[in-house]
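Subject: Structure handover

Hello,

Here is the structure for you to look at. My notes follow below it.

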Amino acid sequence: GAWEEVSDDCQVSYEWSCDKPLAGTSDLLCQCDAKSANAPSPSGRLRLVWSDEFEGSGLDRSKWDYIHGGGGFGNGEQQYYSQRNAVVRDGVLRITARCEEYKGSHYTSAKVSTSGLASWGPGHRIEVRARLPQGRGTWPAIWMLP
C-alpha cells in the first residue's frame with residue numbers, strides 16, 4: 001500500500017492499494033510488471049527487495065536518476081525540473097518547489113525516478129513515507145509507473 005501523511009503528528013490520512021483506482025478518479029495508484037524478476041518468496045514471508053533510507057549527502061545514483069527539463073511532460077506541468085531542488089539531509093529527501101524564473105518556466109521543482117534501476121512485480125508490498133504540502137496550486141505526487 002501507499003500512505004499519505006498530511007498532519008504534523010504523522011497520522012495516516014489515506015491508504016490505497018496497488019491496482020485499485022484512487023477514490024473519485026479513474027487513476028491507478030500503480031501498475032505492476034508481471035515480467036519482474038523479483039518475485040515474492042515462496043514461503044509467503046515478506047522479503048525486502050529494495051529500500052532507500054536517504055543516508056549520505058545526495059541521492060544514491062545506483063537507485064535514483066534525476067529528471068531534468070520543462071515543457072509540461074504531456075500534461076501541462078508548468079515547472080522546470082532541476083536537480084538543484086532536491087536535497088538529501090538527515091535521512092530525508094527534500095524536494096522543494098519554488099516560484100522563480102528558470103529556463104523559461106515560472107516555477108521549479110525536482111523529479112526523481114528509479115526507471116531502469118529497479119524492478120519488482122505483482123505480490124510486492126510498496127511502502128512510502130512522505131510528508132506532502134497542502135495548498136492551492138500544488139499537486140505533489142508519488143507515481144508508481146511501469
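Among contacts in the protein chain between residues at least 6 apart in sequence, what percentage join residues at least 24 apart? The figure is 51%, where contact means heavy atoms within 4.5 Å.

Some ground rules. This is a predicted model, so local features need pLDDT of at least 70 and side-chain atom pairs count only at pLDDT 80 or more, while totals for chains, interfaces and linings use all residues. Residues are numbered from 1 along each chain as its sequence is written, and side-chain values use heavy atoms, with hydrogens and water left out.

Overall picture

The protein chain has nine strands and zero helices. Its pattern along the sequence reads β-β-β-β-β-β-β-β-β. Helices (H or I, at least four residues) and strands (E, at least two) are DSSP runs, numbered from the N terminus. Of the 146 residues, 22% count as buried. Buried means under 20% relative accessible area, exposed means over 50%, and partly exposed lies in between (1.4 Å probe, protein chains only). The chain exposes about 10500 Å². Carbon and sulfur atoms supply 50% of that area. Accessible areas come from the Shrake-Rupley method with a 1.4 Å probe; for residues, only the protein chains shown count as cover.

Which residues make up the largest nonpolar core? There are seven: Phe54, Leu59, Trp64, Tyr66, Ala86, Val88 and Ala110. A nonpolar core here is a set of buried Ala, Val, Leu, Ile, Met, Phe, Trp, Tyr and Cys residues joined through side-chain atoms within 4.5 Å.

Two of these core residues, Ala86 and Val88, sit in E5. In a regular strand the side chains alternate between the two faces of the sheet.

E5 (residues 86-89) runs antiparallel to E6 (residues 92-95), and four bridges join them. Two strands pair if DSSP finds at least two bridges between them. Ala86 stands opposite Ile95. Val88 has Leu93 as its bridge partner. Two residues lie between the strands of this hairpin, and Asp90 takes a positive phi near 55°. Leaving aside neighbours within four places in sequence, Ala86 is in contact with Tyr66, Leu93, Arg94 and Ala110.

Is Ser82 buried or exposed? Ser82 is buried, because its relative accessible area is 6%. It lies in the loop between E4 (79-81) and E5. Not counting residues up to four places away in sequence, Ser82 touches Ile67, His68, Tyr102, Ser109 and Ala110.

Arg84 is in that loop too, and Glu100 is in E7 (residues 98-102), so their pairing ties together parts 16 residues apart in sequence. The two form a salt bridge, with the closest N and O atoms 2.8 Å apart. A salt bridge is a side-chain nitrogen of Lys or Arg within 4 Å of a carboxyl oxygen of Asp or Glu. Glu100 is partly exposed at 23% relative accessibility. Arg84 is partly exposed at 39%.

The count comes to two salt bridges. Asp65 forms one with Arg61, the closest N and O atoms being 2.9 Å apart. Asp65 is partly exposed at 35%, and Arg61 is partly exposed at 46%.

The segment after E9

Leu145 lies in the segment after E9 (111-113). It counts as exposed because its relative accessible area is 65%. Leu145 makes a nonpolar surface patch of about 440 Å² together with Trp139 and Trp143. Patches are made of residues with over 30% relative accessible area and no salt bridge: like charges are joined within 9 Å, nonpolar side chains (Val, Leu, Ile, Met, Phe, Trp, Tyr) within 5 Å.

Ile142 is in the segment after E9 as well. Ile142 is partly exposed, at 37% relative accessible area. Leaving aside neighbours within four places in sequence, Ile142 is in contact with Val128 and Ala130. Ile142 and Val112 are 30 residues apart in sequence and 10.0 Å apart in space, C-alpha to C-alpha.

Best regards
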